[in-house]
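Here is a short briefing on one protein chain. Look through the sequence and the 3D view first, then work down the points.

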Amino acid sequence: MSYRFKLLLFPESDVAQRVPLPKLPKYKSIVDVYSDFYAFLLLATSTEVRKAYDDTTWRTLSENLDFILTHPRGWGLEKHEIMRKAAVAAKRVISSLVSVC
């Protein structure tokens with residue numbers, strides 16, 4: 001979707017000042033991009049666990065998942081809120097995909 005999208009959340013960083021920042025489509029926000037990324041990670045994990053084991057194992061494991069979102073030191077509350085909103089939105093995306101499948 002967006003090359004180097006992580007830099008968009010922290011454009012004042014040293015790296016972001018040296019590297020051209022990507023442009024997001026007008027219909028996408030940084031929350032949307034992070035939400036899509038989180039949803040992708042969970043769906044990819046689900047696929048790999050199901051391939052390596054089975055659906056029952058995934059259902060058992062997925063009932064008690066904890067996510068740990070890390071960030072660079074120095075990020076303020078505004079950036080934390082963006083990550084939190086993206087995680088909540090990703091859960092909605094995943095829930096809608098699961099109900100369709």
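**The nonpolar core**

The largest nonpolar core has 10 residues: Ile-30, Val-31, Tyr-34, Tyr-38, Ala-39, Trp-75, Ile-82, Met-83, Ala-86 and Ala-90. Helix H3 (30-52) and helix H5 (77-100) each bring at least two residues to this core. H3 gives the most, with five residues. In soluble globular proteins, nonpolar side chains tend to be buried together. Keep in mind that this is a predicted model.

**The chain as a whole**

- The chain has five helices and zero strands.
- Along the sequence, the pattern reads α-α-α-α-α.
- The chain has 101 residues, and 26% of them count as buried.
- Take the contacts between residues at least 6 apart in sequence: 48% of these join residues at least 24 apart.
- The accessible surface of the chain is about 7,700 Å².
- Carbon and sulfur atoms account for 58% of that surface.

**Helix H3**

- H3 has 23 residues.
- From its first C-alpha to its last, H3 reaches 33 Å.
- That span is close to the 33 Å expected at 1.5 Å a residue.
- Which residues of H3 are buried? They are Ile-30, Val-31, Val-33, Tyr-34, Ser-35, Tyr-38, Ala-39, Leu-42, Ser-46 and Val-49.

**Ser-46, a residue of H3**

- Ser-46 lies in helix H3.
- Why does Ser-46 count as buried? Ser-46 counts as buried because its relative accessibility is 9%, and the cut-off for buried is under 20%.
- The side chain of Ser-46 makes a polar contact with the side chain of Arg-50.
- The length of this Ser-46 to Arg-50 contact is 3.0 Å.

**Ala-89, a residue of H5**

- Ala-89 lies in helix H5.
- Is Ala-89 buried or exposed? At 15% relative accessibility, Ala-89 counts as buried.
- The same cut-off applies here, as buried means under 20%.
- Ala-89 and Val-31 are 58 residues apart along the chain.

Note on methods
Residues are numbered from 1 along each chain as its sequence is written. This is a predicted model: local features need pLDDT of at least 70, side-chain atom pairs count only at pLDDT 80 or more; totals for chains, interfaces and linings use all residues. Side-chain values use heavy atoms; hydrogens and water are left out. A nonpolar core is a set of buried Ala, Val, Leu, Ile, Met, Phe, Trp, Tyr and Cys residues joined through side-chain atoms within 4.5 Å. Buried means under 20% relative accessible area, exposed over 50%, partly exposed in between (1.4 Å probe, protein chains only). Helices (H or I, at least four residues) and strands (E, at least two) are DSSP runs, numbered from the N terminus. Contact means heavy atoms within 4.5 Å. Accessible areas come from the Shrake-Rupley method with a 1.4 Å probe; for residues, only the protein chains shown count as cover. The expected span of a helix is 1.5 Å times one less than its number of residues. A polar contact is a pair of N or O atoms within 3.5 Å; within protein, one must be able to donate a hydrogen and the other to accept it, and residues adjacent in sequence count only if both atoms are side-chain atoms.
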